[in-house]
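Have a look at the sequence and structure first.

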Amino acid sequence: MVVYPAPRQAEAGRKAEARLSDSRLDEAVGLAEAIDLMVVAAETVPLGKPRPSTLLGQGTVERLGMVIADGDIGLVVIDGHLSPVQQRNLERAWNAKVIDRTGLILEIFGARARTREGRLQVELAALSYQRSRLVRSWTHLERQRGGFGFLGGPGETQIEADRRLIGDRIAKLKKELIEVKRTRELHREARRRVPYPIVALVGYTNAGKSTLFNRLTSSDVLAKDQLFATLDPTMRGLTLPSGHSVILSDTVGFVSDLPHELVAAFRATLEEVLEADVVVHVRDVAHPDCEAQRADVETVLRELGIGETVDRGLVEALNKIDLLSEAGLEMVTNQVGRNPLAVALSSITGAGLPDFLALLDKTLAAERRMIDVDISLTDGASIAWLYQHGEVVYREDDELAAHMTVRLDPADAARFESRT
């Protein structure tokens with residue numbers, strides 16, 4: 001069962017809040033189904049003043065308890081934050097396991113993360129979260145969550161031993177992460193030597209990033225109508241209309257109320273975003289909460305440390321226009337007309353993709369800078385490199401050197417300077 005506690009709003013905002021509550025409940029159901037949970041009931045319940053003991057009001061707890069008992073429901077997902085005491089009391093009242101939004105997302109990441117650092121970060125976040133709830137969820141450890149996950153397995157019989165083992169494991173994970181980050185820095189240096197700009201696709205989960213990625217690069221990255229279908233980043237080469245080559249990166253989808261414990265794990269899976277020359281925000285314009293999702297994505301990007309990029313303006317791919325009504329399509333078209341960094345498209349039908357590629361070309365060209373270089377005529381490799389990666393706007397040779405003015409992408413300019 002999935003329960004979304006919706007905060008009460010003033011009368012003027014109730015209609016909008018009802019729509020938001022429906023979308024939030026649908027998203028929570030999608031998150032539960034993403035790890036193959038069978039959702040037999042889902043409900044939005046109004047939340048006035050949160051109760052310190054159970055979060056929900058006593059009447060709501062009793063009513064839901066009857067639904068849980070009648071449906072023989074063994075797991076309840078609360079789409080919000082529960083304190084350890086609230087989680088314990090709800091489990092006692094309902095005689096069922098209870099997890100909150102943080103626990104659910106951690107469970108998904110634990111099942112889906114593939115890269116070494118991503119798995120280490122997720123396990124570290126999960127253990128830190130679990131340590132605060134070690135004994136408070138149940139009065140006897142036969143039902144205590146054991147090991148890494150939250151959804152099954154009996155725990156140890158000794159509480160103190162559990163705490164010590166988790167503490168030891170956390171210390172070990174932190175040491176391993178130091179080594180992995182050192183290796184990641186070497187990979188970052190290698191990426192800087194790659195002679196192509198990086199274009200990173202970001203966006204709310206299920207916005208269509210992987211479908212767009214597959215359409216542009218003729219790849220077969222998993223693209224499903226499922227939250228967090230893609231967790232680990234994938235990179236492919238892409239040739240733009242100008243003939244310039246870029247590396248396109250597909251990344252994990254974002255989600256509202258991302259648990260702060262997982263921001264570090266996002267940092268691991270979004271390394272290409274931090275190093276990208278262009279960040280493309282793929283948005284589902286057919287979703288009723290498109291603007292709220294946009295704000296959520298930008299919030300996480302700021303937490304990742306690229307707020308300056310967000311402030312300058314992201315390239316926006318307004319996706320899924322094939323699902324819009326005629327009036328909705330007209331509204332999005334007007335929106336694109338007011339924003340030179342936005343383009344409307346459909347990754348399913350291919351509509352708007354030529355405009356999107358042209359926008360990438362234009363954005364990269366706008367960021368190119370002019371450099372003046374003097375290169376020995378005997379250094380044919382460097383001269384050829386400049387012709388291959390930049391636009392030579394001026395050249396004059398004398399007996400010793402070629403005096404050139406070249407327009408280069410910032411990344412290529414940095415790479416050329418590292419060569420000399």
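**Cavity and pocket linings**

By class, the second largest cavity is lined by four nonpolar, two polar and two charged residues. Here Ala, Val, Leu, Ile, Met, Phe, Trp, Tyr, Cys and Pro count as nonpolar, Asp, Glu, Lys and Arg as charged, and the others, Gly among them, as polar. The model is predicted: local features need pLDDT of at least 70 and side-chain atom pairs count only at pLDDT 80 or more, while totals for chains, interfaces and linings use all residues. Residues are numbered from 1 along each chain as its sequence is written, and side-chain values use heavy atoms, with hydrogens and water left out.

**The second largest cavity**
- A cavity is a set of points on a 1 Å grid over the protein atoms alone where a 1.4 Å probe fits but cannot get out, and lining residues have an atom within 4 Å of a point.
- Volume is the space filled by probe spheres set on the points, with grid points joined across faces, edges and corners.
- The residues lining the second largest cavity are Tyr204, His281, Val282, Arg283, Cys290, Gln293, Arg294 and Val297.
- Strand E8 (278-284) and helix H10 (290-303) each give two or more residues to this lining, and H10 gives the most, with four.
- Helices (H or I, at least four residues) and strands (E, at least two) are DSSP runs, numbered from the N terminus.

**The largest pocket**
- A pocket is an open set with protein on both sides within 12 Å along at least five of seven lines.
- The largest pocket has a volume of about 600 Å³.
- Of its 30 lining residues, Ser23, Arg24, Glu27, Tyr204 and Ser256 are the closest to the centre.
- Strand E1 (2-7), helix H1 (14-33) and H10 each give two or more residues to the lining of the largest pocket, with the largest share, seven residues, coming from H1.
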